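Subject: Structure handover

Hello,

Here is the structure I promised. Please open it first, then read my notes below.

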Amino acid sequence: VAHLFVDAFFLVDIGALAPFYVECLDSWRAGSSLNFTIGPTDPPLLFVIKMLKVCRIFKMTRQYSSVSILWETISNSGRKLVIPFFFLMIIVIIFGMLFFTGETHCHCAPDQTFLNGVGEMVCRTVGTDRDTFPFCDKMIKLDEEAREYIEAGFSVLVNNEGRPVDMTSAFKGIWLALVTMTSVGY
C-alpha cells in the first residue's frame, strides 16, 4: 500500500475523488442536501477541497502519450525560461505603475473638499501634502459619483475631469499590464 502514495496517478485520483466524499460528509453533518457547486463554503477549507475537483482533468493524461512529451519539454526548457519571465515581471511592474499614475490624477478626502458658490463640490489643494502622490495641482470639480463617495465619508481617487477612477490601486495597474502583455503576444 505504501507504494501507492508515491505514484502520481494515485495522488491525482485521490485529489479528484476527495471533494465528493468531503461534500457528502459535510452535507450529512449539516443535515442538508448535497450541493456540488463550487462556491463559498463554511469553513473555507471546504472551498479549497472543492477546488480539487480540477484534478480530474489530470486523469486524462494517462490516455495520451503526447502529455509525456509536453512534460519533458517543459522540464528541459524550464531553466532557460527563468530569465525571460523575470524580465517580463519587471516590465509588467513598470508598466503597471505607469498605468496607475497615468489614470489617477488626484486623491480627494472629505476634509479636502468644499462646496463652491454654485453648489458644486470641489477638491482643493490647500492643506494637502504635496510630497505624496497623487496630489491635486489644481482645484477639480467632482462629478456626482465622486460627490456621493465624499458625502458618505470616503476618500476617492479622481481623474482630471473629477470622475472616480476604476484603477484604485497599483495592483490593478499591474494586472492590466500583465493581461495586456501576455494576451497580445508580445
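The protein exposes about 13300 Å². Carbon and sulfur atoms supply 67% of that area. Accessible areas come from the Shrake-Rupley method with a 1.4 Å probe, and for residues only the protein chains shown count as cover.

This is a predicted model: local features need pLDDT of at least 70, side-chain atom pairs count only at pLDDT 80 or more, and totals for chains, interfaces and linings use all residues. Residues are numbered from 1 along each chain as its sequence is written, and side-chain values use heavy atoms, with hydrogens and water left out.

Overall fold. The protein has six helices and five strands. Helices (H or I, at least four residues) and strands (E, at least two) are DSSP runs, numbered from the N terminus. From that end, the order is α-α-α-α-β-β-β-β-α-β-α. The chain has 186 residues, and 24% of them count as buried (under 20% relative accessible area; exposed is over 50%, partly exposed in between; 1.4 Å probe, protein chains only). Take contacts (heavy atoms within 4.5 Å) between residues at least 6 apart in sequence: 51% join residues at least 24 apart.

The largest pocket. Its volume is about 280 Å³. On a 1 Å grid over the protein atoms alone, a pocket is an open set of points where a 1.4 Å probe fits, with protein on both sides within 12 Å along at least five of seven lines; lining residues have an atom within 4 Å of a point. Points are joined across faces, edges and corners, and the volume is the space filled by probe spheres set on them. The lining includes Phe9, Phe58, Tyr64 and Trp71. Two or more lining residues come from each of α1 (8–30) and α3 (66–77). α3 gives the most, with five residues. The lining divides into nine nonpolar residues (Ala, Val, Leu, Ile, Met, Phe, Trp, Tyr, Cys and Pro), no charged (Asp, Glu, Lys and Arg) and three polar (the others, Gly among them).

The aromatic pair. There is one in the structure. Rings of Phe, Tyr and Trp (its six-membered ring) pair if their centres lie within 6.5 Å; planes under 30 degrees apart are stacked, over 60 edge-to-face, the rest tilted. Phe86 and Phe87 are edge-to-face, 5.6 Å centre to centre, with 70° between the planes. Phe87 is partly exposed, at 48% relative accessible area.

Asn159. This residue sits in the loop between β5 (156–158) and α6 (170–184). Is Asn159 buried or exposed? Asn159 is buried, because its relative accessible area is 12%. Not counting residues up to four places away in sequence, Asn159 touches Glu103, His105, Ile140 and Val165.

Best wishes
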